[in-house]
Amino acid sequence: GPCTECSCSSGKEPNKDPSHTKKKENGDQLCIPKIFFGTRTHKQITQISRELKRTVYSCVPMTILSSRDYTCIHPVVSNSSNRNEMCVELLEGKHGRSCSYYHGVHKLSEHHALQPAPRLYQAWDIEDLVGLGRKLRACPYFAARELLVGADIVFCPYNYLLDPQIRDSMDIKLKDQVVILDEAHNIEDCARESVSYGVTESQLRAAREELDFMVNNSIRQKHHEPLRAVCCSLI
């Protein structure tokens, strides 16, 4: 006969079953692990979220983490070549300006279209989020980050999972979570990229000039001399 121990035959909800829960570090709260689904490109995220829409799991709480290049809707910042810096400057209130889209984040993250509800909610992609953000004049970039807290599945490019700096800035914690890497044969290249840095010869020469100035003017010489030596050897 059927096994009476298993959660499905005993009529228990699967997420109440102890095998489906993980203890949080503080020991008092049980939580289901998140699924982090990493892909190579943003285009693939769009394809996968459309596939999710067609399944019975379309109403699972989700979010998509992506860069400001795809999600910033501020008319000036989104057309700038250094969106990240401009965004941070606006949020810090430099030059007496601020970002009204950022202040409307809750309008978007709490909008019913993004809050899982049976039969009403559907998986969404970046275009849906940005379209709704424009309508509500609310920031899709920060709304997606807010939705991370309650999401059961999180879609993002590989480097959000591989690069420790991005993980840190996005507040992604992978301990005890499920990580799925789509097309994982690309991981090596992506890992190499995340710890590589490109620099031009003119940048090196400019750096050497500045270091020359520091050394000649006795500004923290013992720190700057070895750096100058590295610059010279690279040049």
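In the predicted model, arginine 137 counts as partly exposed, its relative accessibility being 49%, a value that falls between the limits of under 20% for buried and over 50% for exposed residues. Arginine 137 is placed in the loop that runs between helix 6 (126-136) and helix 7 (140-147), and its phi is near 50 degrees, which is a positive value in a residue other than glycine. A positive phi is also found at serine 218, where the angle is about 55 degrees although this residue is not a glycine. Serine 218 likewise has its place in a loop, that between helix 11 and helix 12, and with a relative accessible area of 53% it is exposed.

The secondary structure of the protein chain as a whole comes to 12 helices and 6 strands. Of the 235 residues in the protein chain, 34% count as buried. When the contacts in the protein chain with a separation of 6 or more are considered, 68% of them are accounted for by residues 24 or more positions apart.

Among the strands, an open sheet of 4 strands is found, with the order 4-5-3-6 and with parallel pairing. The edges of this sheet are taken by strand 4 (62-64) and strand 6 (178-181), each of which has a single partner strand, so that one side of each is left without a neighbour in the sheet. From one strand to the next, the twist averages 15 degrees. Strands of a sheet pair through backbone hydrogen bonds, in either a parallel or an antiparallel manner.

Within the sheet, strand 3 (residues 35-39) is joined to strand 6 by 4 bridges, the two strands running parallel, while strand 3 and strand 5 (residues 153-157) pair in the parallel sense over 5 bridges. The pairing can be followed at individual residues of strand 3. Isoleucine 35 has isoleucine 153 as its bridge partner in strand 5, and its bridge partner in strand 6 is valine 178. For phenylalanine 36, the bridge partner in strand 6 is valine 179.

Helix 1 (residues 42-53) contains serine 49, a residue that is buried, with a relative accessible area of 1%. When neighbours within four places in sequence are left aside, serine 49 is in contact with Ile64, Ala123, Trp124 and Asp125. The C-alpha atoms of serine 49 and isoleucine 126 are separated by 9.1 Å, although these residues are 77 residues apart along the chain. Arginine 54, by contrast, is located in the loop between helix 1 and strand 4, and this residue is exposed, its relative accessible area being 67%.

Leaving aside the neighbours within four places in sequence, isoleucine 166 is in contact with Asn159 and Tyr160. The C-alpha atom of isoleucine 166 is separated by 9.6 Å from that of serine 194, the two residues being 28 residues apart along the chain.

Towards the end of the helix numbering, helix 11 (residues 201-216) and helix 12 (residues 221-234) pack with their axes 9 Å apart and at an angle of about 150 degrees. Because angles over 145 degrees count as roughly antiparallel, helix 11 and helix 12 are described as roughly antiparallel to each other. The crossing of helix 11 and helix 12 is left-handed. On the side of helix 11, the contact involves Leu204, Ala207, Arg208, Leu211, Asp212, Met214, Val215 and Asn216, and these residues meet Gln221, His224, Glu225, Leu227, Arg228, Cys231, Cys232 and Leu234 in helix 12. The residues of this contact between helix 11 and helix 12 divide into 9 nonpolar, 3 polar and 4 charged.

Definitions and conventions: Residues are numbered from 1 along each chain as its sequence is written. This is a predicted model: local features need pLDDT of at least 70, side-chain atom pairs count only at pLDDT 80 or more; totals for chains, interfaces and linings use all residues. Side-chain values use heavy atoms; hydrogens and water are left out. Two strands pair if DSSP finds at least two bridges between them. Axes are lines fitted to C-alpha atoms, for helices over the stretch in contact, and angles run from 0 to 180 degrees between N-to-C directions. Angles under 35 degrees count as roughly parallel, over 145 as roughly antiparallel, 65 to 115 as roughly perpendicular and the rest as oblique. A crossing is left-handed if the near helix is turned anticlockwise from the far one by less than a right angle, and right-handed if clockwise. Contact means heavy atoms within 4.5 Å. Ala, Val, Leu, Ile, Met, Phe, Trp, Tyr, Cys and Pro count as nonpolar, Asp, Glu, Lys and Arg as charged, and the others, Gly among them, as polar. Buried means under 20% relative accessible area, exposed over 50%, partly exposed in between (1.4 Å probe, protein chains only).
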